[in-house]
Amino acid sequence: MTSTRERTNEGAERVALVLDAGGARSAYQVGALEVLLPVLAERGQRPTVLVGTSAGALLSAALTATAHLDAEEQASRLLDTLGHATKRNVMQPLWRQVPVVAVRYASETLGISRFRLRGLFGTAPLARTLTEVIDWSALHDNVEQGVVTASVVCATSVRSGRVTMFAEVTGADVALPEPPSEHHRCYVRSRLGVEHLMASSAIPALFPSVQVEEPAEAAGWYVDGATRRRFPLAPAVELGADRIVVVGTGSLHPPEDDPDLDLAPVDLGDGAATLLGAVMDDPLRHDLRRFATVNSQAADPDMAPHLDRHRKERGRPAYRSLPYAAVAPHRGDELSRVAMEVFRENHGSLLRTLGDPDLQVVHRILGSDSPLQGELLSYLMFDPDFFAEAADLGRRDARRWLGSDEGLWRTGPLDRPDGVSPRP
């Protein structure tokens, strides 16, 4: 095991790693990072700006805490962290939640606002797990000593809808970015802790909103950072990244049209899965395509002057062409398919249901024959077998990206895996 804590990144090329939302599907990201981290280290391009949203925030914090280790050890520690994210270490059993949910729901119905219902699943086990699994002292040391220059956790304010980037950065005098007011987001200098990660990963309605107390200027109630954010890559760009690595859990390519499937009856599960997809997956896909398009225009000698003039008129710096790497599932339904297979194998029998009824209950309540059930279950499938298969898909897709003709970095448009240009 090699320590690089004495290393500083002053003057070096700044590489950012953006980890998007995904719940249990973050196992895919862990697999992809097992492949990507050693390759980046070999090139002298280890990420020093880490931006995480929802489950991605949990991973980015774990990576910040292990950034002083060599890349192989860091990837191994991340895999160990994933191993702790089993259901009993993340959520309370539903049977324990039912009385609480019933009482709180009844109190709100009767107008007794003191007992508010903030989510269906209790997440106290996750808070304990994060306290124990992440080396918080190492995280703070790595940022203080510049091994990681910025570790950012994205969360959404419940009342105002403001997207807040809780940022622990190297140097007390470093100025944080000030995004355009119309974007309704802000950066807050923070000493990251469990409450920030819990807030970032609190999927609305499913998991309870979280009260953040520090720093005082950003105190309040928060939910999942993916809820309102529309520009997932913006923090990496605004924090001065020279290159950006993105790992998502939703396909970077829109699903194919299927007129026959559109005619199939829908239920509650379909609506929930569609909503989650719109919140968790679509922003990254759209922002990455916008980013790649602007990259091409910024490198075009005919287009660049017009872009620069437009930016200057708005008081903004000129666009830069930034190399990027983006890894996400080859097809949008792959993780859904794996989730359904693991569900049927590990949770579908009567014996398994009696031992752990939660997923079966959710499955039945939301419509067990829905073609999108796997999509919904994939967010909650905190099962080692699902983790293993999802991580394998992540490794496969990371190798696929590295094995392309363009190699690790590209600046142009993001085409379909089959080489066909995407539809506008």
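Okay, housekeeping. Residues are numbered from 1 along each chain as its sequence is written, and side-chain values use heavy atoms, with hydrogens and water left out. Since the model is predicted, local features need pLDDT of at least 70 and side-chain atom pairs count only at pLDDT 80 or more, while totals for chains, interfaces and linings use all residues.

Let's start with α3, residues 71–83. Helices here are DSSP runs of H or I, at least four residues, and they're numbered from the N terminus. How far should the 13 residues of α3 span? At 1.5 Å a residue, you'd expect 18 Å; the expected span is 1.5 Å times one less than the number of residues. The end C-alpha atoms sit 19 Å apart, which agrees.

Now, which residues of α3 are buried? That's A71, Q74, A75, L78 and L82. Buried means under 20% relative accessible area, exposed is over 50%, and partly exposed is in between, with a 1.4 Å probe and protein chains only. Look down the axis of α3 and those buried residues fall within an arc of 100°, so they line one face of the helix. That arc is taken from the directions from the helix axis to the C-beta atoms. As for what they pack against, it's α1 (26–42), α2 (55–65) and α17 (384–402), where contact means heavy atoms within 4.5 Å.

By salt bridge I mean a side-chain nitrogen of Lys or Arg within 4 Å of a carboxyl oxygen of Asp or Glu. R77 and E73 are four residues apart, about one turn of the helix. R77 counts as partly exposed at 34% relative accessibility, and E73 is partly exposed too, at 22%.

Across the whole structure, the search finds 16 salt bridges. One I like is R395 with E34, at 2.6 Å, N to O. R395 is in α17 and E34 is in α1, so this pair ties together parts 361 residues apart in sequence. R395 counts as buried, at 17% relative accessibility, whereas E34 comes out partly exposed at 24%.

Last pair: D333 and R331, with side chains meeting at 2.7 Å, N to O. D333 is partly exposed at 37%, and R331 is partly exposed at 48%.

Note on methods. Helices (H or I, at least four residues) and strands (E, at least two) are DSSP runs, numbered from the N terminus.
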